[in-house]
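These are my notebook entries on one protein model. I looked up its surface, its cores, its charged pairs and its rings, in that order.

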Amino acid sequence: MNSKTPESHKLAQHWLPDLCRTEALFWVTLLSVVLAIILELLIRGANFSLVGFGQRALLILWMVLIGCLLACLIRRISVDWALWQVVLAVMAGIQLAGLLGAWGQSLVTGAPLLDTIVPSQLLSALIGSVSLRFFYLQYQERQRAERLKQAEFELLQARIQPHFLFNTLNSIASLIVTKPEQAETAVLDLADLMRSSLRAGQKLIPLSEEVDLCEKYLKIESLRMGDRLRWNFVIAPEARAVKIPSLSLQPIVENAVLHGVSKITQGGTINLEVSMEPGSLQGVPRLCLKIQNPVPDEPARQGNKFALKNVVERLQICAVGPVKFESGQRDGIYTLQVSMVPNES
């Protein structure tokens, strides 16, 4: 996965949108035409003229497109500027676009340049101030959404980690009397596991680290269950660098142990397959997870959906579009499949 440079990351977080994108230019052009229609109707009313509309649309498009070009240039050089500096620079650029628009209107209509400057400057100031206000409000809304998403992330992490820690400590406690040396080793493994999963300030970790987290948990559980617990992980090389929240897969693996392998006298094998498959979202590949484990010959417990629901919510935080999942039980094997388009930013 390609990581962004600090400069490109700052540019992506700029409150001014990238108005040089094809999609942005399309909407800007469409809104300019709509504005020209509205102004022509307000000024002429029933005497609507296609010629007047064309001249007005040409003037507005001229100003808006020049303003977009100048805004793009200002956006690239103003990453570290204060808000008021960016606003002044953009408004100056828009007023320059208004002057050029007045000159263009004078050439098209033959009207004196002085007669076109005042209305074009007022129009450009109106469009510029309204647009900047809209862009900044949109930026603040994005910031609020990101803060809310981070709060949800921390809440979900707080809900899963105690559950994981409680069951792991139970596994270690069962070894203290019978196998004290193995219990000590398990405590050290748990310390390494918690240190890797609770790094200060780290929001997402590579999938390879999450898989290592799962293996450490299974290693601790195998001290209690012995040869009854086996696992087989197949991870595609291109999927190892995908970033996901810590403790996203571990609760699923834990459920496979607690409600599957541990309930069977002869034990069983937990199989995990991770691959990257072609996706339909702008050519971005999908991350696909498949986990299988044996289950006892008894009706499936409905209470096991809590961990799955939390995992899907956590993965949704770092996904583009909805996270898809399917689960089912057949011939004594429980299968869970999860797929998502990872967010590369």
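Predicted model: local features only at pLDDT ≥ 70, side-chain atom pairs only at ≥ 80, totals over all residues.

I number residues from 1 along each chain as its sequence is written, and side-chain values use heavy atoms, with hydrogens and water left out.

**Entry: overall**

I find nine helices and seven strands, taken as DSSP runs numbered from the N terminus (helices H or I, at least four residues; strands E, at least two). The protein has 345 residues, and 39% of them count as buried; buried is under 20% relative accessible area, exposed over 50%, partly exposed in between (1.4 Å probe, protein chains only). Of the contacts between residues at least 6 apart in sequence, 72% join residues at least 24 apart, where contact means heavy atoms within 4.5 Å.

**Entry: cores**

I took a nonpolar core as a set of buried Ala, Val, Leu, Ile, Met, Phe, Trp, Tyr and Cys residues joined through side-chain atoms within 4.5 Å. The largest core has 36 residues, and L207, L218, I270, V274 and L287 have the most contacts inside it. Elements giving two or more residues to this core include α7 (207–225), β4 (268–281) and β5 (284–294). Helix α7 gives the most, with six residues. I then listed the contacts of L287 beyond four places in sequence; among them are L207, A239, V242, V274, V338 and P342. A second, separate core has 23 residues, including V28, C68, I74 and I94.

**Entry: nonpolar patch**

Which residues make the nonpolar surface patch of about 730 Å²? They are F26, W27, L30, V34, I38, L42 and I43. The patch rule takes residues with over 30% relative accessible area and no salt bridge, joining nonpolar side chains (Val, Leu, Ile, Met, Phe, Trp, Tyr) within 5 Å and like charges within 9 Å. I38 lies in helix α2 (residues 22–44) and counts as partly exposed because its relative accessibility is 42%.

**Entry: salt bridges**

I searched the whole structure and found two salt bridges, each a side-chain nitrogen of Lys or Arg within 4 Å of a carboxyl oxygen of Asp or Glu. E23 and R21 meet at 3.7 Å, N to O. E23 is exposed at 52% relative accessibility, whereas R21 is partly exposed at 40%. K216 and D212 meet at 3.9 Å, N to O. Because K216 and D212 are four residues apart in helix α7, about one helical turn separates them. K216 is partly exposed at 22%, and D212 is partly exposed at 35%.

**Entry: rings**

I count four aromatic pairs, using rings of Phe, Tyr and Trp (its six-membered ring) with centres within 6.5 Å; planes under 30 degrees apart are stacked, over 60 edge-to-face, the rest tilted. The F26 and W27 rings have centres 5.4 Å apart and planes at 75°, so this pair is edge-to-face. W27 is partly exposed, at 47% relative accessible area. I also logged one aromatic cluster, formed by W15, Y136 and Y139.

Notes. Areas by Shrake-Rupley, 256 points an atom, 1.4 Å probe, with all protein chains shown as cover.
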